[in-house]
Amino acid sequence: MILNPLLLKGQIDNQPRPDAIQVTEDKAYADALVTSMQLDPGSPFNEAESRCLAEGTVSIIGADTFAEWGMTPDSIAKDSSIQFPDMTQDMAQQISDLYFDGGCFDFGQMLGRAMAATSGSTIEAEKAACLADTLSGSQAFRDAFVASMMGDDSADPFAEVGDIYAVLDKCGIDASDLGN
């Protein structure tokens, strides 16, 4: 087992240090977010991906901000559909970057798992990757993702993509393969 030296900082001489307390609080929130993501049976994220996303999200938002929002690790761990009430544009943009460019998961593989879990889709991994690359390369898609994290679901994620059927055709996906 490898020990994180940051977690040990507050343990020297049994004297808590502010940075160790913050690391402990951040870990509690990250653990809660992982639990929350794993509660949802339709979640496309495995535990390692959830951990990566959770730790990144907590480093962006911070334990202090979660507390200001009235969110505790316990309340987060019990809720599979977490809403971030006062997320700023900057926070949402950083989280979007984490999802699309953060290296926590392969967006194509995740999209394929998500589609299979929610609609019974049978899209092959290569085709899902094509679709994911096309969507995640679209600024409109990313902007809609950011807007939705801020509670605005009115943005059209496909505005820049154009005809979604043309994208499906480009990726060799028959619309019937999408499932329900």
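Start by selecting serine 96. Leaving out residues up to four places away in sequence, serine 96 touches Arg142, Phe145, Val146 and Met149, where a contact means heavy atoms within 4.5 Å. Serine 96 sits in helix α6; helices here are DSSP runs (H or I, at least four residues), numbered from the N terminus. With a relative accessible area of 0%, serine 96 is buried (buried is under 20% relative accessible area, exposed over 50%, partly exposed in between, with a 1.4 Å probe and protein chains only).

A word on what you're looking at: this is a predicted model, in which local features need pLDDT of at least 70, side-chain atom pairs count only at pLDDT 80 or more, and totals for chains, interfaces and linings use all residues. Residues are numbered from 1 along each chain as its sequence is written, and side-chain values use heavy atoms, without hydrogens and water.

Select Phe45, Tyr99, Phe100, Phe105, Phe141 and Phe145: they form one aromatic cluster. Rings of Phe, Tyr and Trp (its six-membered ring) pair if their centres lie within 6.5 Å; planes under 30 degrees apart are stacked, over 60 edge-to-face, and the rest tilted. The count comes to 10 aromatic pairs by that rule.

Now pick tyrosine 29 and phenylalanine 66, a stacked pair with 4.9 Å centre to centre and 10° between the planes. Tyrosine 29 is in helix α2 (residues 18–39) and phenylalanine 66 in helix α4 (residues 63–68), 37 residues apart. Tyrosine 29 is buried at 7% relative accessible area, and phenylalanine 66 is buried at 0%.

Cysteine 52 and cysteine 104 have their sulfur atoms 2.0 Å apart. Cysteine 52 lies in helix α3 (residues 47–61) and cysteine 104 in the loop between α6 and α7 (107–119), so this link ties together parts 52 residues apart in sequence. Cysteine 52 is partly exposed at 26%, while cysteine 104 is buried at 10%.

End at cysteine 130 and cysteine 171, with sulfur atoms 2.1 Å apart. Look for cysteine 130 in helix α8 (residues 125–136) and cysteine 171 in the segment after α10 (164–170). The link is left-handed, with -70° about the S-S bond.

Notes. Helices (H or I, at least four residues) and strands (E, at least two) are DSSP runs, numbered from the N terminus. A disulfide is a pair of cysteine sulfur atoms within 2.5 Å.
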